Amino acid sequence: MGEESDVTARTPARAEVVGSLLRPPALRAAVDAFYEPGHSAMLADERAKDRSGLERLENEAIDRAVRRQIDLGLDVVTDGEFRRWMFMNSFYDAVAGIRTDNVVHFRNDRGEDVPLGVHEVVERLRVVGSPAAREAAYLHDVTDGVPFKVTFPAASIFGHPFTWKMGITDVGYDSLEEFVEHAIEIERGLVAGAIAAGARYVQFDFPLYPYLVDPAWIGRFAERGHSVPALVEAAVAADTAVLEGIPDDVTTALHICRGNYRSSWMCEGSLEPVAERVFGELPYDAFLVEWDDLGRDGGYEPARFLRQGSTMVMGIVSTKTPVLEDEDDLLRRMEEAAKIVGGVDRLAISPQCGFASVLVGNEIDEDTQWRKLELVGAVADRLWSR
């Protein structure tokens with residue numbers, strides 16, 4: 001990019017992308033060719049390959065995506081997570097000790113079961129790289145001073161059953177608690193590496209809380225002998241502990257995600273039962289919350305617990321549907337939320353999630369993706385003039 005940007009970002013940020021963008025067709029094809037069939041992470045055998053050709057395509061796609069985000073008026077940009085197979089690879093590409101034989105199940109508005117192969121830990125983790133630091137270093141060089149974010153898995157998700165498997169993960173760890181503590185220690189180091197490479201905005205994605213308000217998931221946890229209050233306590237402790245050591249001048253954010261794969265989701269329900277603990281206690285600078293479908297997500301009332309000094313980033317533009325939202329309706333929704341949190345200056349706007357949390361992406365095309373992000377920038381411009 002090289003030249004100084006003529007766009008001055010608002011402070012604090014009012015218009016954000018959550019993380020991932022749809023991969024351009026040429027990049028998608030190159031990634032499919034690079035990874036072995038069925039692999040959802042850069043495992044040890046892939047790390048040994050020459051990826052210079054793939055990296056060149058990634059760089060070109062990132063350069064274009066960054067410029068497009070800035071031009072559309074976003075205050076915080078990302079690299080689209082173009083160097084990852086899925087959003088969690090900032091952690092899982094950094095360690096050895098995993099495989100991808102586990103399967104989780106999503107649901108969609110057609111009532112279909114949508115399976116996805118994901119990571120599971122099969123031995124004690126060993127750090128073998130720092131992919132987020134490489135992402136941050138490149139973004140630092142191509143964003144011309146516009147703020148960018150780097151994303152990591154939320155610490156509380158390490159305690160989820162699709163990460164920890166009895167009879168498998170306990171080969172390397174004596175207990176779930178030991179595993180979570182070790183994973184947090186590793187992630188702190190990865191975050192520190194990204195910050196040292198230039199990141200000044202770190203976002204943690206996909207915490208456990210939405211599972212703890214979904215009746216179906218609550219039932220599954222109960223069958224395994226877990227109580228919701230105990231799970232909430234452990235999740236809050238993990239999501240607080242991972243922030244240790246992050247400098248005060250680095251923005252931290254927590255993205256409350258309900259699952260995002262091929263326009264499907266994993267859990268639903270109002271955040272009301274956990275809102276006071278999450279929004280009132282967790283010391284994050286921003287909370288990015290999915291509120292694109294109030295029937296699935298519940299109303300905005302849980303936002304009333306937002307702690308002083310934090311921003312509620314309203315995820316009201318959907319990445320799951322190609323239907324383009326109405327700008328005036330988005331403004332009305334922002335004004336409704338403002339009444340609950342105590343003013344529009346406690347808010348920001350974003351899509352509800354990424355457009356391609358997994359390489360495959362959601363059921364939406366690139367043109368619609370950019371039009372939706374243009375809407376995010378336009379609403380922010382109308383609410384907070386530059």
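Biologist: Let's start with helices, then. Is the crossing where helix 1 passes helix 3 left-handed or right-handed?

Modeller: Before I answer, keep in mind that this is a predicted model. For handedness, you look at which way the near helix is turned from the far one. Here, helix 1 passes helix 3 in a left-handed crossing.

Biologist: And how do I read the angle between helix 1 and helix 3?

Modeller: An angle over 145 degrees counts as roughly antiparallel. Helix 1, residues 25-34, packs against helix 3 at about 155°, and their axes are 10 Å apart. That's why helix 1 and helix 3 are called roughly antiparallel to each other.

Biologist: Which residues make the contact between helix 1 and helix 3?

Modeller: From helix 1 you have Ala-26, Leu-27, Ala-30, Val-31 and Phe-34, and they meet Leu-54, Leu-57, Glu-58 and Ala-61 of helix 3. Sort the residues of this contact by class and you get 8 nonpolar, no polar and 1 charged.

Biologist: At what angle do helix 3 and helix 5 pack?

Modeller: Helix 3 (residues 52-71) and helix 5 (residues 131-142) pack at about 50°, with 11 Å between their axes. Helix 3 and helix 5 are therefore oblique to each other. Their crossing is right-handed. On the helix 3 side, the contact uses Asn-59, Ile-62, Asp-63 and Val-66, while helix 5 brings Tyr-138, Leu-139 and Val-142. By class, that contact has 5 nonpolar, 1 polar and 1 charged residues.

Biologist: Okay, let me try another pair. How do helix 11 and helix 12 cross?

Modeller: The axes of helix 11 (residues 327-341) and helix 12 (residues 366-383) come within 10 Å, crossing at roughly 55°. So helix 11 and helix 12 are oblique to each other, and the crossing of this pair is right-handed. Helix 11 puts Glu-327, Asp-328, Leu-330, Leu-331 and Met-334 into the contact, facing Leu-375, Ala-378, Val-379, Arg-382 and Leu-383 of helix 12. Those residues divide into 7 nonpolar, no polar and 3 charged.

Biologist: What lines the second largest cavity?

Modeller: Its lining includes Val-18, Gly-19 and Ser-20, along with Asp-205, Phe-206, His-255 and Cys-257. Also among the lining residues are Glu-81, Phe-87, Cys-353, Gly-354 and Ser-357. By class, the lining splits into 5 nonpolar, 5 polar and 2 charged residues.

Terms used: Residues numbered from 1 in each chain as written. Predicted model: local features only at pLDDT ≥ 70, side-chain atom pairs only at ≥ 80, totals over all residues. Heavy atoms only, no water. 1 Å grid on protein atoms, 1.4 Å probe; cavity = no way out; pocket = protein on both sides within 12 Å on 5 of 7 lines; lining within 4 Å. Nonpolar A, V, L, I, M, F, W, Y, C, P; charged D, E, K, R; others polar. Axes fitted to C-alpha atoms, helices over the stretch in contact; angles between N-to-C directions. Helix = DSSP H or I, 4+ residues; strand = E, 2+ residues; numbered from the N terminus. Parallel < 35°, antiparallel > 145°, perpendicular 65-115°, else oblique. Contact = heavy atoms within 4.5 Å.
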